[in-house]
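Hello,

Here is the structure I promised to pass on to you. Please have a look at it first, and then read my notes below.

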Amino acid sequence: MAAPLPPLSEPFRQSALEEREALIARYEECRERHEALLQEASNAAAEADRYLATIRELGELLGVEDQLSIVTLAEELRGERLRQVAADIVFKHFQPGEPFHYKQWLELVVADGHRIGGKNAPATFLTQVARVERVERVGRRTGLYQIVA
């Protein structure tokens, strides 16, 4: 059995507590910056989609672009189909008990070549995946999920 460690000196203890508080503050700043950048990226993607829609509409009006087919429009994932695709992808990339953020999950679905329907794709995604069987939230308002064994 190892000998007990001697008690920490008060100056060292105070210094360590101050350093810990500084690290916590830096961590929180990084998380906030991360969230802001994710939101900015989401806003830029939505803006790009609006430009693309306008470009297509103008192209159709000018006759230089074919009209969008119903099949193309139907490729956006919604409802039960979105839940099925999202479930397949999350079970492929994560293990039971391994926490992951819903934005990571969304990025994997999009990277797999899928488009999410609705005016606000992240909100549509989050609403649907909250009902995927064997996946549950971790904590309140953390954005974290995990697969349940």
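**What I found in the model**

Let me begin with a pair of strands: E4 and E5 (residues 144–147) run antiparallel and are joined by four bridges. Within this pair, Val135 stands opposite Ile147 in E5. Please keep in mind that this is a predicted model.

These two strands belong to an open sheet of three, ordered E2-E5-E4 and paired antiparallel. Its edges are strand E2 (100–101) and strand E4 (135–138), each of which pairs on one side only.

In general, most residues other than glycine have a negative phi. Arg134, in the loop between H5 and E4, has a positive phi, near 70 degrees. Arg141 sits in the loop between E4 and E5, and its phi is positive too, near 55 degrees. As for accessibility, Arg134 counts as partly exposed because its relative accessibility is 46%, while Arg141 is exposed, with a relative accessible area of 82%.

- H3 (residues 79–93) with H5 (residues 121–129): the angle is about 80 degrees and the axes are 9 Å apart. The two helices are therefore roughly perpendicular to each other. On the H3 side the contact involves Gly79, Glu80, Leu82, Arg83 and Ala86, and on the H5 side Thr124, Phe125, Gln128 and Val129. By class, the contact of H3 with H5 has four nonpolar, three polar and two charged residues.
- H3 with H4 (residues 102–111): the angle is about 105 degrees, and the axes are 10 Å apart. This pair is therefore roughly perpendicular as well. H3 contributes Val85, Ala86, Ala87, Ile89, Val90 and His93, and H4 contributes Trp105, Leu108 and Val109. The contact of H3 with H4 divides into eight nonpolar residues, one polar and no charged.

Gln128 lies in helix H5. Leaving aside neighbours within four places in sequence, Gln128 is in contact with Gly79, Glu80, Leu82 and Arg83. The side chain of Gln128 also makes a polar contact of 3.0 Å with the side chain of Arg131.

Finally, a few words on Glu76, which lies in strand E1 (residues 76–77). Its relative accessibility is 28%, so Glu76 counts as partly exposed. Which residues does Glu76 touch, leaving aside its neighbours within four places in sequence? They are Arg115, Ile116, Gly117 and Gly118. The side chains of Glu76 and Arg78 are joined by a polar contact of 3.4 Å. From Glu76 to Arg56 the separation is 20 residues in sequence and 17 Å in space, C-alpha to C-alpha.

Best wishes

Key: Residues numbered from 1 in each chain as written. Heavy atoms only, no water. Pairing = 2+ DSSP bridges. Axes fitted to C-alpha atoms, helices over the stretch in contact; angles between N-to-C directions. Parallel < 35°, antiparallel > 145°, perpendicular 65-115°, else oblique. Contact = heavy atoms within 4.5 Å. Nonpolar A, V, L, I, M, F, W, Y, C, P; charged D, E, K, R; others polar. Buried < 20%, exposed > 50% of the residue type's maximum accessible area, 1.4 Å probe, protein only. Polar contact = N/O pair within 3.5 Å; in protein donor to acceptor, adjacent residues only side chain to side chain.
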